[in-house]
Amino acid sequence: MHGMTLTQHIRAAQLTHPGAKGELSSLLTQIGVAGKIISSKVNMAGLVDVLGSTGVVNVQGEVVQKLDEVAEETVQDIVGRSGHVCALLSEERKSVLEIPAPYRGDYIVAYDPLDGSSNIDANVSIGTIFGIFHKKSLDPEVTRADWMRPGREMVAAGYILYGSSTVFVYTAGDGVHCFTLDPGVGEYILSMENLRLDGRCKVLSVNHCNGPYWEPWVHDFVGQILARNDDEKRRVSGRHIGSLVADFHRNLMYGGVYLYPTDSRQPKGKLRLFYEANPLAMLVEEAGGAASDGRQRILDVMPDELHHRTALIVGNKTEVELAEACVAKYEGKGPAAP
Ligand code: AFP
């Protein structure tokens, strides 16, 4: 008996939604195809001329790696011509890319083509993150109202992680499912269905070197997590890759909390709402966890620009709530954090 393929799984989910036209299913499948192409380029990175930077700085002020460009072009070519999208929002692009006829469809995809790309040359796990909205207005043009929306209005989200194996993880609101790419046959095969975050937080992921720039609540929160370890037992361990998608995936597997708070260097936060925080927030909530900016649920944040940045605390619910309590305590708003 062979495992279920991604296409079969998406199609089976589609059948549970009477009236579904199969557009979203086909779009998800095409995102998977883009992931296969990027995966093969990532695997060849040391053998062909795709390592290193292009020398260009992108709209985020970050150096564009050659593989960033490859990934961006791949998503544009494959997803942009899938026939299912009317606009693409990319971390790498200054503005919204409108898709012309005859490829135009009803969905809008926001994506980070290659998250963690500053790690590429060191062979560290990187990934493509995506979130999908259905076009809102009946206007034939793509209007600002079509994409300037809170993450709770997404219909699906996921990522493709190029790690020790390539995995495709997605949710369309019916649980979180994980597929592993079998490179021999070029298919994603179901490896974990209805993923749930482990109830216990075993991992703390934060860039401790930002400590000097943190607000007091972050020291309080991190201190409370570390205090769980005593002579008797180490209950929490520190793991931080610096590749959000990989940090997130590991915490989803083992139970953990990742945080990238605002700090004195980055008062608006570092991570991008559309391309990083929103998709991971939808996934974590579907898996029984939570995602917050410290003051509100990530999925309720109303963006004010395409490249809106945010603080992010994501993972086990108890720890995300503890972080929110620490924020409130230092803002003098709520009850003292336990
Ligand atoms: P890159 O895609 O430019 O590598 O950025 C990745 C990222 O946004 C996120 O994946 C990491 O968690 C974060 O940056 C790490 O950045 P710091 O070096 O500031 O901790």
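This is a predicted model: local features need pLDDT of at least 70, side-chain atom pairs count only at pLDDT 80 or more; totals for chains, interfaces and linings use all residues.
Across the whole structure, a search returns nine aromatic pairs. One of them joins Phe-130 and Phe-168, whose ring centres are 5.9 Å apart. With 40 degrees between the planes, this pair is classed as tilted. Phe-130 belongs to strand β6, which covers residues 126–134, while Phe-168 belongs to strand β8, residues 166–171. The two residues are 38 positions apart in sequence, so their pairing ties together separate parts of the chain. Both rings can also be placed in terms of solvent accessibility. Phe-130 has a relative accessibility of 1% and therefore counts as buried, the cut-off being under 20%. Phe-168 is buried as well, at 0%. Elsewhere, a ring meets a charged side chain: Arg-265 lies over the face of Tyr-213, 4.9 Å from the ring centre.

Attention now turns to the strands. In general, the strands of a sheet pair through backbone hydrogen bonds, in either a parallel or an antiparallel sense. Here, an open sheet is built from five strands with mixed pairing, and their order is β12-β11-β13-β17-β15. The edges are taken by β12 (237–238) and β15 (290–292). Each of these has a single partner strand, so one side of each has no neighbour in the sheet. For β15, pairing with strand β17 (residues 312–315) is antiparallel and runs over three bridges. Within this part of the sheet, Ala-291 is found opposite Val-314 of β17.

The helices complete the picture. Helix α2 spans residues 23–43 and helix α3 spans residues 66–78; their axes come within 9 Å and cross at roughly 155 degrees. Angles over 145 degrees count as roughly antiparallel, so this description applies to α2 and α3. The crossing of α2 and α3 is right-handed.

Of its 14 residues, 12 are buried, so α7 is largely enclosed by the rest of the structure. Just after α7, the backbone at Gly-288 adopts a positive phi of about 95 degrees.

Conventions. Residues are numbered from 1 along each chain as its sequence is written. Side-chain values use heavy atoms; hydrogens and water are left out. Rings of Phe, Tyr and Trp (its six-membered ring) pair if their centres lie within 6.5 Å; planes under 30 degrees apart count as stacked, over 60 as edge-to-face and the rest as tilted. Helices (H or I, at least four residues) and strands (E, at least two) are DSSP runs, numbered from the N terminus. Buried means under 20% relative accessible area, exposed over 50%, partly exposed in between (1.4 Å probe, protein chains only). A charge sits over a ring if NZ of Lys or CZ of Arg is within 6 Å of the ring centre and within 35 degrees of the ring normal. Two strands pair if DSSP finds at least two bridges between them. Axes are lines fitted to C-alpha atoms, for helices over the stretch in contact, and angles run from 0 to 180 degrees between N-to-C directions. Angles under 35 degrees count as roughly parallel, over 145 as roughly antiparallel, 65 to 115 as roughly perpendicular and the rest as oblique. A crossing is left-handed if the near helix is turned anticlockwise from the far one by less than a right angle, and right-handed if clockwise.
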